[in-house]
Amino acid sequence: MIQVNHLSKKFHDNVVLDDISLDIKQGDVVGIIGPSGTGKSTLLRCINQLEVPEHGEVILDGEKINLAKKNRKQIVELRKNTGMVFQRFNLFEKKTALQNVMEGLIVVQKKSKAEAREIALQELDRVGMAAWANHYPKHLSGGQQQRVAIARALAMKPKLLLLDEPTSALDPELVGEVLETIRKVAAEGYTMLLVSHEMNFVRHVANRVIFLDKGHIVEDGTAKQVFDNPTHPRTKEFFSKMNLMTQPEYTI
């Protein structure tokens, strides 16, 4: 069980997250959806301490971590147990795919180069990128770079995997390969928080869906409940507008 308690974050006078609390069971794949600018990415960034909230804590395996205080020891411990996949890959351009995956194992987990290499090759193979282990990011497509980023996160054996719009920076034809990789990882039992605008994907991969609006959780249930029978008026409005966007403007 992973708990997020009373998480609040604002930028100047703009309250982005307002007293968010969330219990995540082991093996849960939690899809986080909602309109742009409503705090979805900020939620993940606060949990991983890339942003410092005004209030909030994470309880991970019984250990309480105050997210509002920059405690280096706790940050290192938290990042040993969480993996983050970003929108823009964030790979080191001057390191190969293999070196990118090895980096955290050596720097954070203090593994030997030989052990880090073995683990990194296994994870690259898991995401279908073993053949590109010695390629630099500039020689990889966006989809391939994102799969390397996923391998890098998985190599740390995280207790919680955070995915922040992992397909938003990709060309449409490359989205499928990354979504399929995430689907396979989810099926292996990883605990995930997934922020995505790919509604159909969230519907089929997440066992739980949270709808965020104006910094509040306004809907929380199974994917079927949230997508088929939303109870909150804001959730209904959101899906109604999305359906209008997918309908043709005219017919012949």
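The model is predicted. Its largest nonpolar core comprises 52 residues, and a second, separate core has 27. The structure also holds three aromatic pairs.

**Nonpolar cores**
- Within the largest core, the residues with the most contacts are Ile33, Leu124, Val148, Leu161, Met192, Val209 and Phe227.
- The second core includes Leu22, Met84, Leu162 and Ile210.

**Helix H6**
- The 16 residues of H6 (residues 172-187) should span 22 Å at 1.5 Å a residue, and the end C-alpha atoms are 24 Å apart, which agrees.
- Buried residues in H6 are Leu174, Val175, Val178, Leu179, Thr181, Ile182, Val185 and Ala186.
- Exposed Glu173 and Ala187 are carried on the face turned away from the buried side of H6.
- The cover over the buried residues of H6 includes strands S3 (29-33), S7 (160-164) and S8 (192-195), together with helices H5 (142-155) and H7 (199-205).
- Gly189, with a positive phi near 100°, follows H6.

**Aromatic pairs**
- Phe211 and Phe238 form an edge-to-face pair, because their planes are at 65°, with ring centres 5.1 Å apart.
- This pair links strand S9 (residues 208-213) to helix H9 (residues 233-246), with Phe211 and Phe238 27 residues apart.
- Phe227 and Phe239 are both buried, and their pair is tilted, with planes at 35°.
- Ring pairs join Phe211, Phe227, Phe238 and Phe239 into a cluster.

Methods:
Residues numbered from 1 in each chain as written. Predicted model: local features only at pLDDT ≥ 70, side-chain atom pairs only at ≥ 80, totals over all residues. Heavy atoms only, no water. Core = buried A, V, L, I, M, F, W, Y, C linked by side-chain atoms within 4.5 Å. Buried < 20%, exposed > 50% of the residue type's maximum accessible area, 1.4 Å probe, protein only. Helix = DSSP H or I, 4+ residues; strand = E, 2+ residues; numbered from the N terminus. Expected span 1.5 Å × (residues − 1). Contact = heavy atoms within 4.5 Å. Phe/Tyr/Trp six-rings, centres within 6.5 Å; stacked < 30°, edge-to-face > 60°.
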